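Please look over the sequence and the structure shown here before reading on.

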Amino acid sequence: MRSRALWPSIAVAVLACGDSTGVSTDPTRCDADAAAPLALSVGQSQTITGARAGCARVRDAGLYLVSPQLTGAVTRATRYATQVGSPGAPVEPPAGTTLGVSASEANLHAAFERRLRTFERQVAPEAAARYQQRDRTLRLREVPAVGTASTFSVLNTLAVSEAFASVRATAVYVGASVIVYADTAAVGAFSSGQWAAFGEVFDASLHPAAVSAFGATSDLDGNGRTIVLFTPVVNALVNELECAQLGYVNGFFFANDLRLGAPGGNDGEIFYSYVPDPTGRWSCPHAAAEVRETIPPTFIHELQHMISFHQHVLVRRGAPEVTWLNEGLSHIAEELGSRIWEARYPPPAGRANTSRLLPDSAYPYLRGNLTNATRWLEFPTGSSLSVLAEDSPGTLGERGAAWLFLRWLAAHRGSGLFRELVQTAQVGARNVEAVSGRPFAADVADFATALWMDSLPGAPRPTEPRRTFGDRNLRSLFFEFQQRDPARASGTFPLIPLTISGEQRRLLGIPAGGFGVLSWQAGSGSLLSFRRPDNRAFGDSLGAQLVVTRVQ
């Protein structure tokens, strides 16, 4: 669908289960007698909620955007077969019912991070208890001078088990909030000036931005600083073949370091980074320029995880944040890094091509988010937006969805919500509801509509914040992505709704905590059914709802 219809400001009505306006009163039926018509003007939306939300009829012929959604507080990352379309029509071939994870999701670093988050859940009670008794166990670490050597214990397995390497490293930068150490085996990877430049980025820009947005880190070792340790032990987490086929780990935070007195722990705040390895001495080759570009976004991403564990677990003795929201906030942290350079270099400064939307120094902080978001938008039913389960897959597509949702939420709630989401014992969708002040399902309904409507070509931008991404023009961002990384992008705005006519019915696989986006060409009085394949309504726990927006 590439509509050029003009869009007025959007009026939204939320219809309760059993309401006479466009909602079936019989959970087993969806026909002309069971549903009164929805009378929508162009640009108007209605959200039909409740277990009997799966039946709507429109009064007027036209083009409609339809989003069938499962928004309940589910506890497993499960996909559900659904049917969407005209109740009496033959069933079309399945659309998006793949149950497995696509090959493009087989990312080794993402899998490693899932294990790290699982480890955090396992050790959280013990870490919180030890933190409360820290006066008896704390080992203070002095602030070193540049050139001082120290020994660290570094996780050396992707299995996230108690397997560690002992590393001797030298302090190459000491700042107000960050200390940079280089493994003695790789201290020559950068000159002293380059190490100092790295430290300045971490110390003066990224660390303060993360603390301002999310809250303070812990300070178990009493040095008032976060340590950045560059070591080839990180390179060697994967072998050369794994690196070529599945990717590699370039950096991580390990909560074992915040579990005072734990085996292999360092009792302090540490971010671990890989090192330049142009000859492939420790694994596959990595150029120095690659490390300089990729580590700053990874550092601020992992710093959010470090802050989150401190605020949720150590301070409030709560559970760690659930995977989808924890990762989503870390991808917001990457975007915060971009905004530092965007503010520093307003257009056209800082751009080799002065027509670019983003300065060259900002783009690396957004590239990963745009890659993940493209992956999700091209197949929105392939990933859940939110699952309150410990088995939440945390796929790359899920990360892209979570970043876009939080970016949208901040557009009308304000960026202060990130701090509120982190400094709490609440987790998951309940955390979002507490900060947003609205039911999670209502936010999902508006978010799904905004994905398509914001900055729609040929149409005035909606004036209501809930229908936009605020100061981010979504289509412009993806155009920038396609111009800079054409091999990774689709060439068009990646969200392309599935199409159905008023006389079609399609099977659609929708993940728990997710939704589909369809373009519906309806005739006057056309019916739309959103049901199970056996034509039964969904149970209350799935939070089924149907969002209908008239486009033309």
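The model is a predicted one, and every value below is computed from it.

**The disulfide**

A search of the whole structure finds one disulfide, which joins Cys 243 to Cys 284 with an S to S distance of 1.8 Å. Because Cys 243 belongs to helix 5 (residues 240-246) while Cys 284 lies in the loop between strand 13 (270-273) and helix 6 (288-315), the pair ties together parts that are 41 residues apart in sequence. The link of Cys 243 and Cys 284 is right-handed, with 50 degrees about the S-S bond. Cys 243 counts as buried at 9% relative accessibility, and Cys 284 is buried with a relative accessible area of 9%.

**Aromatic rings**

A pair of aromatic rings is described by the distance of the centres and the angle of the planes. The count comes to 27 aromatic pairs, among them the edge-to-face pair of Phe 271 and Phe 299, with 5.5 Å centre to centre and 75 degrees between the planes. This pair links distant parts of the chain, since Phe 271 is in strand 13 and Phe 299 in helix 6, 28 residues apart. Phe 271 counts as buried at 1% relative accessibility, and Phe 299 counts as buried at 1% relative accessibility.

Trp 452 and Phe 493 form a tilted aromatic pair, 6.4 Å centre to centre and with 50 degrees between the planes.

One aromatic cluster is formed by Trp 324, Trp 376, Phe 405, Trp 408, Phe 440, Phe 447, Phe 469 and Phe 515.

**Salt bridges**

Side chains of opposite charge can pair when their charged atoms come close. A search of the whole structure finds 24 salt bridges, including those in the table.

| Salt bridge | N to O distance |
|---|---|
| Arg 117 and Glu 113 | 2.8 Å |
| Glu 335 and Arg 339 | 3.5 Å |
| Glu 335 and Arg 407 | 3.0 Å |

Arg 117 and Glu 113 are four residues apart in helix 1 (residues 108-132), and are therefore separated by about one helical turn. Arg 117 is buried, with a relative accessible area of 2%, and Glu 113 is buried, with 4%.

Glu 335 and Arg 339 both lie in helix 7, four residues apart, whereas Glu 335 in helix 7 and Arg 407 in helix 9 are 72 residues apart. Glu 335 counts as buried at 1% relative accessibility, while Arg 339 is partly exposed, with a relative accessible area of 23%. These residues belong to a network of salt bridges that links Glu 335, Arg 339, Glu 342, Arg 407, Asp 471 and Arg 472.

**Helix 11**

In helix 11 (residues 428-436), the buried residues include Gly 428, Ala 429, Asn 431, Val 432, Val 435 and Ser 436. They lie on the same side of helix 11, because they cover an arc of only 155 degrees around the axis. Among the elements that cover the buried residues of helix 11 are helix 6, helix 7 (323-344) and helix 12 (440-453). Gly 437, whose phi is positive, near 80 degrees, follows helix 11.

Technical notes: Residues numbered from 1 in each chain as written. Predicted model: local features only at pLDDT ≥ 70, side-chain atom pairs only at ≥ 80, totals over all residues. Heavy atoms only, no water. Disulfide = S-S within 2.5 Å. Helix = DSSP H or I, 4+ residues; strand = E, 2+ residues; numbered from the N terminus. Buried < 20%, exposed > 50% of the residue type's maximum accessible area, 1.4 Å probe, protein only. Arc of directions from axis to C-beta. Contact = heavy atoms within 4.5 Å. Phe/Tyr/Trp six-rings, centres within 6.5 Å; stacked < 30°, edge-to-face > 60°. Salt bridge = Lys/Arg side-chain N within 4 Å of Asp/Glu carboxyl O.
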